[in-house]
Amino acid sequence: MSTQLAAPNAPHDRPDPSAPLSDQLDAWLTGDGDKTLGGLTDVFEEKTFAILFVLLLGVSALPIPTGGATHVFDVIAVLTAAQLIIGREHPWIPERWMGLNLGGPKQQKFISALLKVIRWLERFSRPRMAWVFDRRLTNAAFGLVVIAFTAGAFFAPPFSGLDTLPALGVVLVSLGVLLEDIAIVAVGLVVGVAGIVAEIVLGKAAVNGISKLL
């Protein structure tokens, strides 16, 4: 399988790295550059890991039952997180997925909603313990957290809505990494752990209820 990446965008297509994250994403979406997964990787480089996790788990984080329709996104997220654990600085993505369009009407509707959430967080966020981010050990820990919470979302019973909290945990932790705000990361960890605990507790209750009926 080829590992060739899409050709890099021209320098003028790159958002200003000093601009807020929401403005960088907005500039990329509304600019003239490539709006594919490959284009995202070329433009955001080391930030691509966290942005990918937000995009992949964002649908599951919505308070609507997905019926297992997002499982393929969960698998991609786990494979991408594993690359963080082994120390890759840039995600490797199979060539057939590099051309996935992120600028279509449906995708833009979701990303526009995501931008509103990011802008809201940016109002309250500020760099907190920024020195802990983008290090070998913390990147590996980030990857492990994503795998754990994504597994929680993956194994949630279909149409139960229990995948929401673990997926939201991934989204919040990823946004905390992007904003270099340990407080948002901590909130994401609490939300994700609460979601997994809820799955376990409700799962045991369901098993006990069925066993009593039998």
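Visitor: How many salt bridges does the structure hold?
Guide: The structure, a predicted model, holds three salt bridges.

Visitor: Which residue does arginine 119 meet in a salt bridge at 3.7 Å?
Guide: That is aspartate 23, with 3.7 Å from N to O. The two are 96 residues apart and link distant parts of the chain, aspartate 23 being in helix 1 and arginine 119 in helix 6 (residues 105-124).

Visitor: And which residue meets arginine 119 at 3.4 Å?
Guide: Aspartate 26; the side chains form a salt bridge of 3.4 Å, N to O.

Visitor: What about the salt bridge of aspartate 181?
Guide: Aspartate 181 pairs with arginine 128, and their closest N and O atoms are 2.5 Å apart. Aspartate 181 sits in the loop between helix 8 and helix 9, while arginine 128 is in the loop between helix 6 and helix 7 (136-154), so the pair ties together parts 53 residues apart in sequence.

Visitor: Why does aspartate 181 count as buried?
Guide: Because its relative accessible area is 0%, and buried means under 20%. Arginine 128 is partly exposed, at 23%.

Visitor: Which residues are joined into one network by shared partners?
Guide: Asp23, Asp26 and Arg119, through salt bridges that share partners.

Visitor: Back to helix 1. Which residues are buried there?
Guide: Helix 1 covers residues 21-30, and the buried ones are Leu21, Ser22, Gln24, Leu25, Trp28 and Leu29. Down the helix axis they fall within an arc of 165°, so the buried residues of helix 1 line one face.

Visitor: What is the secondary structure overall?
Guide: Nine helices and zero strands. Along the sequence the pattern reads α-α-α-α-α-α-α-α-α.

Visitor: And how much of the protein is buried?
Guide: Of its 214 residues, 42% count as buried.

Visitor: Changing topic: which residues form the negative surface patch?
Guide: Glu46, Glu89, Asp134 and Glu180.

Visitor: Where is glutamate 180 found?
Guide: In the loop between helix 8 (164-179) and helix 9 (182-213). Glutamate 180 counts as partly exposed, at 34% relative accessibility.

How values were computed
Residues numbered from 1 in each chain as written. Predicted model: local features only at pLDDT ≥ 70, side-chain atom pairs only at ≥ 80, totals over all residues. Heavy atoms only, no water. Patch = residues over 30% accessible without salt bridge, like charges linked within 9 Å, V, L, I, M, F, W, Y side chains within 5 Å. Areas by Shrake-Rupley, 256 points an atom, 1.4 Å probe, with all protein chains shown as cover. Salt bridge = Lys/Arg side-chain N within 4 Å of Asp/Glu carboxyl O. Lys, Arg positive; Asp, Glu negative; His and termini not counted. Charge placed at Lys NZ, Arg CZ, Asp CG, Glu CD. Helix = DSSP H or I, 4+ residues; strand = E, 2+ residues; numbered from the N terminus. Buried < 20%, exposed > 50% of the residue type's maximum accessible area, 1.4 Å probe, protein only. Arc of directions from axis to C-beta.
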